[in-house]
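Here is a short briefing to read alongside the model. Keep the viewer open and follow along, topic by topic.

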Amino acid sequence: MTPPLDRTDGPGWSLSDIYLVLFRHKTGILTCSFIGIALAVTARLLLPPPYQSEAKLFIRYVAETKAPAPAAGLATAKSPDQRGETILDSEMEIITSWDLARQVAEAVGPRTILGDAPPGNELNRAAAIIRRDLLVESPPRSSVIRLAYRHRDPQVA
């Protein structure tokens, strides 16, 4: 009969292994930590985070009419359920359209959006910035559209 084998743990890390790695590579660890902290502080100072405002639009139904002036009984309501996803898609397309961004730039004023940017075709540049910084999304199987706008000035956002 053979004697039972002693059970030992497999390969692993002991406290002495951890100390060995930390003390042997302390200069590399400290150098990488210092560089990472310096880059984070520099990025925070040079690139301040933009301010963001959010809104949610609830679209319960869309009235669809056959005639330009709705008469009693001619209008039908479509609910934006899982089959009405095209209604939400079309609403999101309208919100992100160039025409609406240009109207917003006219209403708010291009100088407000652009800040101290050099002059020249300000209305189109302001509309382009509005479209770029506006996030429009709709969760699946939902009748809500989420809008988020980012800008570096909290009053504009």
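His-151 counts as buried, because its relative accessibility is 5% and the cut-off for buried is under 20%. The model is a predicted one, so all that follows describes a prediction. In this model, His-151 belongs to strand 5.

**Around His-151**

- A polar atom of the His-151 side chain lies 2.9 Å from the backbone oxygen of Ile-113.
- The side chain of His-151 also has a polar atom 3.1 Å from the backbone nitrogen of Asp-153.
- Leaving aside residues up to four places away in sequence, His-151 touches Pro-50, Tyr-51, Thr-112, Ile-113, Val-156 and Ala-157.

**Helix 6 and its buried side**

- Helix 6 covers residues 122–133, and its twelve residues at 1.5 Å each should span 16 Å; the end C-alpha atoms are 16 Å apart, so expectation and model agree.
- Which residues of helix 6 are buried? They are Leu-123, Ala-126, Ala-127, Ile-129, Ile-130 and Asp-133.
- These residues cover an arc of only 160° around the axis, so they sit on the same side of helix 6.
- As background, an α-helix has 3.6 residues a turn, so residues three or four places apart point the same way.
- What do the buried residues of helix 6 pack against? Their partners are helix 4 (98–108), helix 5 (110–114), strand 4 (134–137) and strand 5 (144–151).

**Salt bridges**

- Side chains of opposite charge can pair when their charged atoms come close.
- Is Arg-146 buried or exposed? Arg-146 is buried, because its relative accessible area is 18% and the limit is 20%.
- Arg-146 also forms a salt bridge with Glu-137, where the closest N and O atoms are 2.7 Å apart.
- Glu-137 is partly exposed, with a relative accessible area of 36%.
- Through shared partners, the salt bridges join Glu-54, Glu-137 and Arg-146 into one network.
- Another salt bridge brings together the side chains of Arg-111 and Glu-122, at 2.6 Å from N to O.
- That pair links distant parts of the chain, with Arg-111 in helix 5 and Glu-122 in helix 6, eleven residues apart.
- Arg-111 counts as partly exposed at 36% relative accessibility, and Glu-122 is partly exposed too, with a relative accessible area of 22%.

**The protein overall**

- The protein has six helices and five strands.
- Starting at the N terminus, the order of elements is α-α-β-β-β-α-α-α-α-β-β.
- How many residues does the protein have, and what share of them count as buried? There are 157 residues, of which 18% count as buried.
- Among contacts with a separation of 6 or more, 54% are between residues 24 or more positions apart.
- The accessible surface comes to about 12,500 Å², and carbon and sulfur atoms account for 60% of that area.

Conventions: Residues numbered from 1 in each chain as written. Predicted model: local features only at pLDDT ≥ 70, side-chain atom pairs only at ≥ 80, totals over all residues. Heavy atoms only, no water. Helix = DSSP H or I, 4+ residues; strand = E, 2+ residues; numbered from the N terminus. Buried < 20%, exposed > 50% of the residue type's maximum accessible area, 1.4 Å probe, protein only. Contact = heavy atoms within 4.5 Å. Areas by Shrake-Rupley, 256 points an atom, 1.4 Å probe, with all protein chains shown as cover. Expected span 1.5 Å × (residues − 1). Arc of directions from axis to C-beta. Polar contact = N/O pair within 3.5 Å; in protein donor to acceptor, adjacent residues only side chain to side chain. Salt bridge = Lys/Arg side-chain N within 4 Å of Asp/Glu carboxyl O.
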